[in-house]
Amino acid sequence: MKNSLKIFSALAILMLAFAGSSCASVKPYQKVYLNDKEMDLAARPLEYFCNNFQSYREGASGANGGKVGGGCGCN
Amino acid sequence: MRVQLKISISTAIFLLTGFISQGQNATKQKLEKDTVAFKIEKLQESDMSILFSYYTQDGDNAAVTGGRGTEHLTDITSKIIVNIVLDEKRTVSFDGGFDHYSSASTDNIDQFISSASKSDTRVHGNIGYSIKGKNFDYGFKVGGSKEYDYNSIQFSGYISKTSLDGNRTFGLSTQALIDKWVIIYPQELRNQGNLVTSDQRRSYSLSPSYAQVINRRMQLSISADLVTQSGLLSTPFHRVYFVDQAEAKVEKLPFTRFKLPVGLRFNYYATDHLLVRTYYRYYWDNWGIRGHTASIELPYKINRFFSVYPYYRFHTQTAANYFKPYKEHESNLLYYTSDNDLAKITSHDIGFGVRYSPVEGISTFSFGSASRPLTLKEISMRYGHYTRTPTLTSNIISFGLNFTF
């Protein structure tokens, strides 16, 4: 766990470098696959409930498009 | 001769600049034409989603009873989300719902008579307004929630800027939660005066995000939440038992907390039938928790309208500096908790979902000639089984209906 920040940083840099170096200019009419609802870069609406419970049952939460605090969750 | 040369160079530069400028304008016009054509095709519709879930959990480390005892809980939740498109640019949204829970652990706040909060209903609602520009969107939302011992008011706003070709989006959102506790102490500690110094909690966040199209089948996003919290961050009816004294105290945690989760999403349309959705999050906070969360989802399209997706999620985190299990704290410590949500934990969540969404919709309902017909566009279901070490298991089943009108 000590090296987790380094691992994460390396992973983030690797992904961004991959994205930056190999991005193609995709025209709107070429976005048939990208516009598919399953390709949304967000949690599904039904994940809302799961994410809500997991944010209470796990001390770590966030970066998932939901609430970032508040709520009791005390039971 | 020199004058002629100067004129020739100037003419060449002029023509070249004009050519480049014309080329750029042509490219820009083509791009705008593409974008405009795309926008005309994508008609905006008002929509409404109705979501339900049933959740049940059981474990043996309840924080109410000092890190041991039943954590049995059931929760029935319902939520409705309505987005009403006023015109090409403006949308008004509303979401609201309730969750009704029944909890064995909060029943132990008072170990002699059944506690008022052994079951409770939380109601919540938000109203929002958003403006969609050519490549620039923004909006805001206000709302609140209320339950027996906890009230919350929420404000949030966002802006997002999309590149002209629509392949890159930068977003920035912010959120403020102003919460107030109704202080309830464990029954045996109620004659000791004020055991906590505040009944308020404030949470503020700033969340930048960046999304990038990689090619026709791949896209990714990176997002972060910079969260700061202050106030009563402990729970006043959580007990802590000590190694060197018999009597319990109420949980005590620092007055402030700073959290920094960073998430990466990568989606890949692998074949005409199979997609890969992945997510990874690194979490850091100043209470000593470091966490890794990774998930993968494999939606498989049986046909154009029907898809199933198995998923798996893994999470691991270190314990907060202030956590120790039942009867392992020393009573002279400044902060202490035996809440296993802040413990060193590892969890696995496995499940599946189905989604049925025909292009023309499933069914249409009319409510007289004055109103627009309501079309049921999508039915979805999701089931998940969750296990956490130290021992906690839960199951959740959720259903969703999506309508357009």
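Let us begin with Ala104(B), which sits in the loop that joins β3 (90–103) to β4 (119–132) of chain B; strands here are DSSP runs of E of at least two residues, helices runs of H or I of at least four, and both are numbered from the N terminus. The model is a predicted one, in which local features need pLDDT of at least 70, side-chain atom pairs count only at pLDDT 80 or more, and totals for chains, interfaces and linings use all residues. Residues are numbered from 1 along each chain as its sequence is written, with chains lettered from A and ligands numbered from 1 in the order in which they are written.

Why is Ala104(B) classed as partly exposed? Its count is 18 other C-beta atoms within 10 Å, and the class lies between buried (20 or more) and exposed (12 or fewer), with C-beta atoms placed from the backbone. Leaving aside residues up to four places away in sequence, Ala104(B) touches Thr70(B) and His72(B), where contact requires C-beta atoms, placed from the backbone, within 7 Å.

I turn now to the contact between the chains. Chain B contributes 81 residues and chain A 43 residues. On the side of chain B, the largest share, 8 residues, comes from strand β13 (residues 256–268).

Finally, the cores, meaning sets of buried Ala, Val, Leu, Ile, Met, Phe, Trp, Tyr and Cys residues joined through C-beta atoms within 7 Å. The largest nonpolar core has 18 residues, of which Ile289(B), Ala320(B), Tyr322(B) and Phe323(B) touch the most other members. Another core, apart from it, has 13 residues, including Leu34(A) and Val213(B).

Note on methods. Contact = placed C-beta atoms within 7 Å.
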